Amino acid sequence: SPTVRLVMFEAADIRDQFPALQRQVNGKPLVYLDNGASAQKPQAVIDAIVHYYGRINSNVHRGVHTLSQRATDAFEATRGKLQRLVNAEFEHEIIYTTGTTGSINLVAHGFRSLLSPGDEVVVSQLEHHSNLVPWQMLAQHTGATLRYIPILADGSLDLDEAQRLINPKTKLLAFNHISNALGTVNPVVKLTEWAHAVGACVVVDGAQGLPHRPVDVQAMGVDFYAGSAHKMYGPTGTGMLYGRTEWLEKLPPYQGGGEMISTVTMAQSTYAGLPFKFEAGTPNIEAVVGWGAALDWMNAIGMDSLMAHESDLMTYGSERLTAIDGLVLFGTAPEKSAVLSFGFADLHPYDLGTLLDQQGIAVRTGQHCTQPIMDRYGIPGTVRASLAAYTTVEHLDALVDGVQKAARMLL
Ligand code: PMP
């Protein structure tokens, strides 16, 4: 029978800090296994947002008055925390965006002025649509050619093919740190080395990387790294783009407006320095402040403990799920993060997800914004259980029982 090592913290205690996890759904205690889509928020994050609106609400970077200065301090404090989180060399290398999608679009838009026909952009088949569609749009706009690294049966990237694809015409390589659909952890350093050997820029989608792995952009060597607050116990509507200074200086601004300028006349404008050149308009101040609280919360637990906890649960969950008759687990790469994606040959994932919801179990069903992966396996979608700090063995047991019950009813 599966063995579970002693976890380094009690997920059940952590759970008490999350108000949303205390509720019932369809008369059953909530088993929340949709963390890959968005994680729940601890009380500390909710408190930080309430405190912000109750005590310091004001616009940032604008006024000499006290509240504006306090709002600016709180807003900028998160930038420093993010710099330390990803080990960026400079604080100005952290750009606030609307999320991973916003970050990738910022880079893709900037590259419109840097690519021409004959240039190549390499992505992977493992991408979320937000790290694919912007590159398709860029290719259409510039006449550059889009190529992709295929995935192997276990959900890992075909690295032999990657090495063949990356060539002197490659100007940009974009891939995710961790796949949201299959949980595959990609070899960021190796891919980055290959891309840099031909002078290409490396953009990493870290939406699932930041919540689940330590990130050191300097050790990894990447040029851009994107993330979303809401996947790491923080608020929705905000995210970050790490960019190496030389690349951020090379890229033109994404949007024009207030705060991103140095001087403006009726004829023309000059732009502010980094990071403000990329931060036009009033940002989502409340969310950035809440994100700071989420980062403190994650730091207090520690990434090592989070990873040990998730790894124990992944071993346990994979063993228990694959023991179910007829169940197919998609994504069995040697290095995986907190995602269990599965299905049955004769069962639509939506039907399974609906029956699980009736039992209070929240999973995501469908394509997970990764249609090319589903096409690769010739399936309409999967049921995806994605884990977090507050996930327990009992939740996985509830999932397994729920799946068995649903399969008996539907098959
Ligand atoms: N990339 C990956 C790997 C993701 O999991 C997600 C969110 N599902 C995104 C990009 C997009 O993130 P957001 O919707 O926060 O912009």
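Two strands are said to pair if DSSP finds at least two bridges between them, and strands themselves are DSSP runs of E with at least two residues, helices being runs of H or I with at least four residues, both numbered from the N terminus. The structure described here is a predicted model, in which local features need pLDDT of at least 70 and side-chain atom pairs count only at pLDDT 80 or more, whereas totals for chains, interfaces and linings use all residues. Residues are numbered from 1 along each chain as its sequence is written, and side-chain values use heavy atoms, with hydrogens and water left out.

Strand β9 (residues 224–228) pairs with β10 in the antiparallel sense over five bridges, and within this pairing Gly227 stands opposite Met240 of β10. Strand β4 (residues 94–97) also pairs with β10 in the antiparallel sense, over four bridges, with Gly239 in β10 as the bridge partner of Thr97. In a regular strand the side chains alternate between the two faces of the sheet. Strand β10 (residues 239–243) is mostly covered, five of its five residues being buried, where buried means under 20% relative accessible area, exposed means over 50%, and partly exposed lies in between (1.4 Å probe, protein chains only). Both faces of β10 are covered, with Gly239, Leu241 and Gly243 buried on one side and Met240 and Tyr242 buried on the other.

The ligand is surrounded by Thr100, Thr101, His128, Ser130, Asn180, Asp205, Ala207, Gln208, Ser228, His230 and Lys231, a residue being counted as near a molecule if one of its heavy atoms lies within 4 Å of it. Among the polar contacts (pairs of N or O atoms within 3.5 Å; within protein, one must be able to donate a hydrogen and the other to accept it, and residues adjacent in sequence count only if both atoms are side-chain atoms), a polar side-chain atom of Ser228 lies 2.7 Å from an oxygen atom of the ligand. An N or O atom in the side chain of His230 is 2.8 Å from a ligand oxygen atom, and a backbone N or O atom of Thr100 lies 3.4 Å from an oxygen atom of the ligand. Taken alone the ligand exposes 400 Å², of which the protein buries 87%; accessible areas come from the Shrake-Rupley method with a 1.4 Å probe, and for residues only the protein chains shown count as cover.

Most residues other than glycine have a negative phi, and most peptide bonds are trans. Tyr233, in the loop between β9 and β10, is not a glycine but has a positive phi of about 70°, and Tyr233 is buried, with a relative accessible area of 3%. Asn87, in the loop between α3 (66–86) and β4, likewise is not a glycine and has a positive phi of about 55°, but Asn87 is partly exposed, with a relative accessible area of 32%. A cis peptide bond, with omega about 0°, joins Leu274 and Pro275, and Pro275 is placed in the loop between β12 (269–271) and α10 (285–301). Val185, found in the loop between β7 (170–176) and α7 (188–197), is buried, with a relative accessible area of 11%.
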